[in-house]
Amino acid sequence: MSTSTIETMYWLTSGAVALWMAAAAISIFLNKEFIHHAIVRLGYPAYFPYLLGTAKAIGMLFILLPVAPQLKLISYAGAGFELIAATVSYYVVDRKFSEWIKPIVLLALVATAYIIWEWREQLIG
């Protein structure tokens, strides 16, 4: 694959991950009721959305900005851990396919973005 192809794939996938993280963080900090209700319904404490929103905002910045590779790795891993926890939480509480499939789809996107980031890092040096 050419460098320009990998660069394009990197920005498309990582941009999509960053957009998801930004939208989630903004929704949390704007106190969107559906997010707070869903998190509390899953059994997490009422303050948890703010921790999650802060982590997503920081992770989004680390993914988009030119920072140390370790910070990008932590951001992708954190997003992955959060989505695995969301999948398990939705499955245990709801057992509705329509609920727990959403974080799995996002997890596939995060994993794809991470793999492409690794390819890009290998090319850049």
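Contact here means heavy atoms within 4.5 Å. The structure is a predicted model, in which local features need pLDDT of at least 70, side-chain atom pairs count only at pLDDT 80 or more, and totals for chains, interfaces and linings use all residues. Residues are numbered from 1 along each chain as its sequence is written, and side-chain values use heavy atoms, with hydrogens and water left out.

Start with the overall fold. The chain has five helices and zero strands, with elements running α-α-α-α-α from the N terminus on; helices (H or I, at least four residues) and strands (E, at least two) are DSSP runs, numbered from the N terminus. The radius of gyration, taken over C-alpha atoms, is 15 Å, close to the 14 Å of the globule rule (2.2 Å times the number of residues to the power 0.38) for 125 residues, so the chain is as compact as a globular protein of that length. Along the principal axes, the C-alpha trace spans about 45 × 25 × 20 Å. Of the contacts between residues at least 6 apart in sequence, 68% join residues at least 24 apart.

Buried residues make up 35% of the 125 in the chain, where buried means under 20% relative accessible area, exposed over 50%, and partly exposed in between (1.4 Å probe, protein chains only).

Now for the inside. In soluble globular proteins, nonpolar side chains tend to be buried together. A nonpolar core is taken as a set of buried Ala, Val, Leu, Ile, Met, Phe, Trp, Tyr and Cys residues joined through side-chain atoms within 4.5 Å. The largest one here has 16 residues, and V17, W20, M21, Y76 and V110 have the most contacts inside it. At least two residues of this core come from each of α1 (3-29), α3 (48-64), α4 (69-93) and α5 (97-124), and α1 gives the largest share, seven residues. Setting aside neighbours within four places in sequence, V110 is in contact with V17, W20, Y76, A79, G80 and L83.

I6, found in helix α1, has a relative accessible area of 7% and so is buried. Not counting residues up to four places away in sequence, I6 touches M1, I116, W119, R120 and L123. By contrast, I6 and A85 sit 30 Å apart in space, C-alpha to C-alpha, and 79 residues apart in sequence. S75 lies in helix α4 and, at 5% relative accessibility, counts as buried. A polar atom of the S75 side chain lies 3.5 Å from the backbone oxygen of G59. With residues up to four places away in sequence left out, S75 touches G59, F62 and I63.

Then there are the charged pairs. Side chains of opposite charge can pair when their charged atoms come close. A search of the whole structure finds four salt bridges, each being a side-chain nitrogen of Lys or Arg within 4 Å of a carboxyl oxygen of Asp or Glu. One of them joins E7 to R120, with the closest N and O atoms 2.8 Å apart. E7 lies in helix α1 and R120 in helix α5, so this pair ties together parts 113 residues apart in sequence. E7 is partly exposed at 26% relative accessibility, while R120 is buried at 14%. Another salt bridge pairs E82 with K56, the closest N and O atoms being 3.5 Å apart. This one links distant parts of the chain, with E82 in helix α4 and K56 in helix α3, 26 residues apart; both residues are buried. K102 and E99 also form a salt bridge (3.8 Å, N to O). Both lie in helix α5, three residues apart, about one turn of the helix, and K102 is partly exposed at 47% relative accessibility.

Finally, the backbone in two loops. N31 is not a glycine, yet has a positive phi of about 55 degrees. N31 is found in the loop between α1 and α2 (33-41) and is partly exposed, with a relative accessible area of 44%. R95, likewise not a glycine, has a positive phi of about 60 degrees. R95 is found in the loop between α4 and α5 and counts as exposed at 53% relative accessibility.

Notes: A polar contact is a pair of N or O atoms within 3.5 Å; within protein, one must be able to donate a hydrogen and the other to accept it, and residues adjacent in sequence count only if both atoms are side-chain atoms.
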